Amino acid sequence: MPEDTPRIDAPVLADISLRINGTEHQLTVDTRTSLLDLLREHLDLTGAKKGCDHGQCGACTILIDGRRANGCLALAVAHDGAEITTIEGLANGDDLHPLQRAFIEHDAFQCGYCTPGQLCSAAGMLAEAREGWPSAVTARLENQGDIELTEAEIRERMSGNLCRCGAYANIVPAIADAAAR
Ligand code: FES
Ligand code: FES
């Protein structure tokens with residue numbers, strides 16, 4: 001084997017740029033690195049949580065170009081040039097996001113482990129509803145503009161975010177309250 005042949009187990013690196021919570025980052029990443037690991041292990045943004053690392057719990061939810069996504073399933077290299085928002089970037093300085101205020105007012109968390117994912121997911125979900133995206137429980141599937149976020153709509157649309165403390169009874173009204181604002 002020629003000396004310069006790469007070992008097949010050597011990491012493959014790629015240069016990418018990401019705008020994360022308004023700050024540009026030029027990064028060299030192992031192409032196997034998930035966005036969740038990049039944020040948590042390399043950039044000290046530990047708000048997004050690793051629950052299952054398999055796309056099943058939603059604890060790692062972040063916004064990629066404004067759309068909610070599981071950071072554990074998103075390879076960083078596949079999102080070169082993307083705009084990423086994490087829970088650390090949801091507030092506007094000291095001015096909390098309406099969802100954050102509503103979660104506090106409704107006591108919508110217990111241990112808080114799922115909360116960053118719930119909040120980022122809810123932010124993405126509210127944008128989807130504003131754009132008229134239907135869900136499995138939407139009565140009429142044609143685009144009707146603003147979707148009415150009933151309890152059934154909120155529960156269905158947030159079903160990818162699990163809460164092991166079972167705080168759903170307060171999470172749902174918190175989101176409804178923020179949506180109404
Ligand atoms: S850690 Fe990503 S979905 Fe559970
Ligand atoms: S508040 Fe504990 S997992 Fe949701």
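Start by selecting Ser34, in the loop between strand 2 (23-30) and helix 1 (35-42). Keep in mind that this is a predicted model.

**Stop 1: Ser34.** Is Ser34 buried or exposed? Its relative accessible area is 7%, under the 20% cut-off, so Ser34 is buried. Now show the side chain of Ser34 and the backbone of Asp37. A polar atom of that side chain lies 3.0 Å from the backbone nitrogen of Asp37. Next, bring up the partners of Ser34 beyond four places in sequence. These are Gly71, Cys72, Ala74, Leu75 and Ala76.

**Stop 2: Thr138.** Move to the loop between helix 3 (115-130) and helix 4 (151-157), and select Thr138 there. Thr138 has a relative accessible area of 9% and is buried. Which side chain makes a polar contact with the side chain of Thr138? Select Glu153: the two side chains meet in a polar contact of 2.8 Å. The backbone nitrogen of Ser135 lies 2.7 Å from a polar atom of the Thr138 side chain.

**Stop 3: the cysteines.** Select Cys114. Its relative accessibility is 13%, so Cys114 counts as buried. Go on to Cys165. Here the relative accessible area is 29%, and Cys165 is partly exposed. That value falls between the 20% and 50% cut-offs, which means Cys165 is neither buried nor exposed. How many disulfides are there? With sulfur atoms required to be within 2.5 Å, the count is zero.

Notes:
Residues numbered from 1 in each chain as written. Chains lettered and ligands numbered in written order. Predicted model: local features only at pLDDT ≥ 70, side-chain atom pairs only at ≥ 80, totals over all residues. Heavy atoms only, no water. Buried < 20%, exposed > 50% of the residue type's maximum accessible area, 1.4 Å probe, protein only. Helix = DSSP H or I, 4+ residues; strand = E, 2+ residues; numbered from the N terminus. Polar contact = N/O pair within 3.5 Å; in protein donor to acceptor, adjacent residues only side chain to side chain. Contact = heavy atoms within 4.5 Å.
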